[in-house]
Amino acid sequence: MEDKKNKAVCFGEVLWDIFPGEQKRMGGAPFNVAYHLSRMGVGVNMISSVGDDQLGHDLLQKMKNWKIPTEHIQISTEYPTSTVVASMDENNDAHYDIVENVAWDFIDMTQADQEILNEADALVFGTLAARSEKSKNTLFQLLEIGSYNVFDINLREPYYEVSMIKDLLHKAHLAKFNKAELRMMLDFLGKTYTNEEDSIHYLQDQFDLPEIIVSKGSKGALYAYKDDFYLYPTIPVTIKDTVGSGDSFLAGFLSKKLEKGSSVHETMLQAVSLGAFITSQEGACPEYTLEDFNRFKSEHPVSVLS
């Protein structure tokens, strides 16, 4: 298993999503990224915490079944494994109750975590795990070690503070927004939105942030590296489930970005292809092989828009 290429570390929430009338599904944005990186053949570790309870044991067993290392998942005897209770409204839209005071709210800083990060090519994190003082402090210590810090914004009301997002952006080398999050960030900063290019340049200047991704739903995805902008289209598929599609997009992007010699075209092609592939299936972490994905990719060619 350790012969996988590169190494990435994902920090934050691992949990069970509980949907009405369904079995529980394993999730959490950083874990979803870890899952898909592993499927892409990237060596990955997850830094998180679960409770010493049945849900925690089930979660660890699931990771082992998927051949994702569990050595850096802490086991808490004080706090329970995280659950997110999903409910559906009259429009069939999902709403989530992200239970607080769970194990990943209290992730300790360990020597072992520092060591794997010293060997890693990327550290992936979001805002949700920084909602508690304990895990936030651990995250900021890890960010001082990370050589390539990847911030997947993933705003979840009411679990974020603007000052904290700004601090995290200052520590990031790459930040990923969706369209709504980009507008929200500009509002937070008191900046009037004019167009995407102006908005991205503004954020790059404000936070000394060379790389920005904006996922635009049906209008594709934009990647900016300094003054260069690359727009790629969404691959048309029959949508089964959009949960976790942004996480799979990011995993696809990183799986090529961390591969020496990969071009921007190869990197963005992998990103939009994996995002579409997962959207065409049910669940954020469906069972699939790299061969399954490569077959889908070969059947759905993509050309750059600009």
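**Sulfurs, charges and loops**

Tutor: The sulfur of C285 is 11 Å from the closest cysteine sulfur, in C10, and that is too far for a bond. A disulfide is a pair of cysteine sulfur atoms within 2.5 Å. By this rule, the count is zero disulfides. Seen from the other end, C10 is in no disulfide, and its nearest cysteine sulfur belongs to C285.

A word on the basis. This is a predicted model: local features need pLDDT of at least 70, side-chain atom pairs count only at pLDDT 80 or more, and totals for chains, interfaces and linings use all residues. Residues are numbered from 1 along each chain as its sequence is written, and side-chain values use heavy atoms, with hydrogens and water left out.

Now for the burial of the two cysteines. Buried means under 20% relative accessible area, exposed over 50%, and partly exposed in between (1.4 Å probe, protein chains only). C10 counts as buried because its relative accessibility is 0%. C285 is also buried, with a relative accessible area of 12%.

Charge pairs come next. Side chains of opposite charge can pair when their charged atoms come close. A salt bridge here is a side-chain nitrogen of Lys or Arg within 4 Å of a carboxyl oxygen of Asp or Glu. The whole structure holds 13 salt bridges. Helices (H or I, at least four residues) and strands (E, at least two) are DSSP runs, numbered from the N terminus.

Take E282 and R25. Their side chains meet in a salt bridge at 3.1 Å, N to O. E282 sits in the loop between α9 (264–279) and α10 (290–299), and R25 in strand β3, so the pair ties together parts that are 257 residues apart in sequence. E282 counts as exposed, at 53% relative accessibility.

K24 pairs with D58. The N to O distance of this salt bridge is 3.7 Å. K24 lies in the loop between β2 (15–18) and β3 (25–27), while D58 is in helix α2 (residues 54–65), so parts 34 residues apart in sequence are tied together. K24 is partly exposed at 35% relative accessibility. D58 is partly exposed too, with a relative accessible area of 26%.

D108 and K134 make another bridge. Their closest N and O atoms are 2.9 Å apart. D108 belongs to the loop between β7 (94–98) and α3 (111–118), and K134 to helix α4 (residues 133–145), so this pair ties together parts 26 residues apart in sequence. D108 is partly exposed, with a relative accessible area of 35%. K134 counts as partly exposed at 38% relative accessibility.

N101 is found in the loop between β7 and α3. N101 has a positive phi of about 55 degrees, although it is not a glycine. Most residues other than glycine have a negative phi. N154 also has a positive phi, near 45 degrees, and is not a glycine. N154 lies in the loop between β9 (149–152) and α5 (162–171). N154 is buried, with a relative accessible area of 16%.

T127 is placed in the loop between β8 (122–125) and α4. T127 is buried because its relative accessibility is 0%.

I75 is in strand β5 (residues 73–76). The C-alpha atoms of I75 and S49 are 5.6 Å apart, and these residues are 26 apart along the chain. I75 counts as partly exposed, at 49% relative accessibility.

P210 is found in the loop between α7 and β11 (211–215). P210 is partly exposed, with a relative accessible area of 25%. P210 and V14 are 196 residues apart in sequence and 29 Å apart in space, C-alpha to C-alpha.
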